[in-house]
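The sequence and structure come first.

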Amino acid sequence: MKIKAIHSDLQMVKFAITEMQLSYIRPVGEDWEDAVTFEDYSVAFDLDARHRPEHPDEFYFFMEVWINQEEKPLPGYKIYVAGNGLFRIAHLGTKDKETLHNLQVISPASLMVNTLRSAISDATSYSVLGRYNLPAIDILSLIRAKADELVPKVGHSPKKRGSGKKA
């Protein structure tokens, strides 16, 4: 079956991992393989968007992911990753409100989660416990929690990064 690429009005122009921390928490006892349960890890996100006034069709999207970052982490991996992407919307002035919301918020959040998921998977692929795969994420729920902060606006003053606030 041949698949033809379709045109998208949203383009991820650049992506960068700006920080990644990967720690191994050694399990106590002899049955260490049974002590590690990735499914029990807490996962938290923070995200933000920043408009580029000099390029109205472009915006930055920032995302941070904390995995097993509790005060007393579970055995196995303790992971933090932060990344940002530069996005461009083609034909910006011709979009209706719903389409624009999808292109500025929902689609970039999905792309960022999937790109960070891949980076985390790659970073853990040769580790002692094997690959950690970020579980499925309810993007709409995440976005609803951050809705007022996400839509890039002209003249929007971005919040300071590293505030430690998690959604």
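## Asn 68 and its surroundings

Leaving aside neighbours within four places in sequence, Asn 68 is in contact (heavy atoms within 4.5 Å) with Tyr 41, Ser 42, Pro 73, Leu 74, Tyr 77 and Lys 78. The residue sits in the loop between strand E3 (58-67) and strand E4 (76-89). Helices (H or I, at least four residues) and strands (E, at least two) are DSSP runs, numbered from the N terminus. Asn 68 has a relative accessible area of 1% and is therefore buried, where buried means under 20%, exposed over 50% and partly exposed in between (1.4 Å probe, protein chains only).

## Model and numbering

This is a predicted model, in which local features need pLDDT of at least 70 and side-chain atom pairs count only at pLDDT 80 or more, while totals for chains, interfaces and linings use all residues. Residues are numbered from 1 along each chain as its sequence is written, and side-chain values use heavy atoms, with hydrogens and water left out.

## Chain overview

The chain has three helices and four strands, and from the N terminus on its elements run β-α-β-β-β-α-α. Of its 167 residues, 35% count as buried. Among contacts between residues at least 6 apart in sequence, 71% join residues at least 24 apart.

The accessible surface of the chain comes to about 10,200 Å², and 51% of this belongs to carbon and sulfur atoms. Such areas come from the Shrake-Rupley method with a 1.4 Å probe; for residues, only the protein chains shown count as cover.

## Ile 25 in strand E1

Ile 25 belongs to strand E1 (residues 10-25). Its relative accessibility is 23%, so Ile 25 counts as partly exposed. Apart from neighbours within four places in sequence, Ile 25 is in contact with Pro 73, Leu 74, Pro 75, Gly 76 and Lys 78. Pro 75 is 50 residues from Ile 25 in sequence, and their C-alpha atoms are 4.9 Å apart.

## Nonpolar core

A nonpolar core is a set of buried Ala, Val, Leu, Ile, Met, Phe, Trp, Tyr and Cys residues joined through side-chain atoms within 4.5 Å. The largest one has 29 residues, of which Phe 45, Phe 61, Met 63, Val 65, Ile 67, Tyr 132 and Leu 134 touch the most other members. Two or more residues each come from strand E2 (43-51), E3, E4, helix H2 (97-124) and helix H3 (139-150). H2 gives the most, with seven residues.

Beyond its neighbours within four places in sequence, Val 65 is in contact with Val 43, Ala 44, Phe 45, Ile 79, Tyr 80, Val 81, Leu 116 and Leu 134.

## Aromatic pairs

A search of the whole structure finds eight aromatic pairs. Rings of Phe, Tyr and Trp (its six-membered ring) pair if their centres lie within 6.5 Å; planes under 30 degrees apart count as stacked, over 60 as edge-to-face and the rest as tilted. Phe 38 and Tyr 132 form an edge-to-face pair, at 5.3 Å centre to centre and 80 degrees between the planes. Phe 38 lies in the loop between helix H1 (32-35) and E2, and Tyr 132 in the loop between H2 and H3, so the pair ties together parts that are 94 residues apart in sequence. Tyr 132 is buried, with a relative accessible area of 1%.

The ring centres of Trp 66 and Tyr 80 are 5.6 Å apart and the planes are at 45 degrees, so this pair is tilted. Because Trp 66 lies in strand E3 and Tyr 80 in strand E4, the pair ties together parts that are 14 residues apart in sequence. Trp 66 is buried at 11% relative accessible area, and Tyr 80 is buried at 8%. Ring pairs also link Phe 38, Tyr 41, Tyr 77 and Tyr 132 into a cluster.
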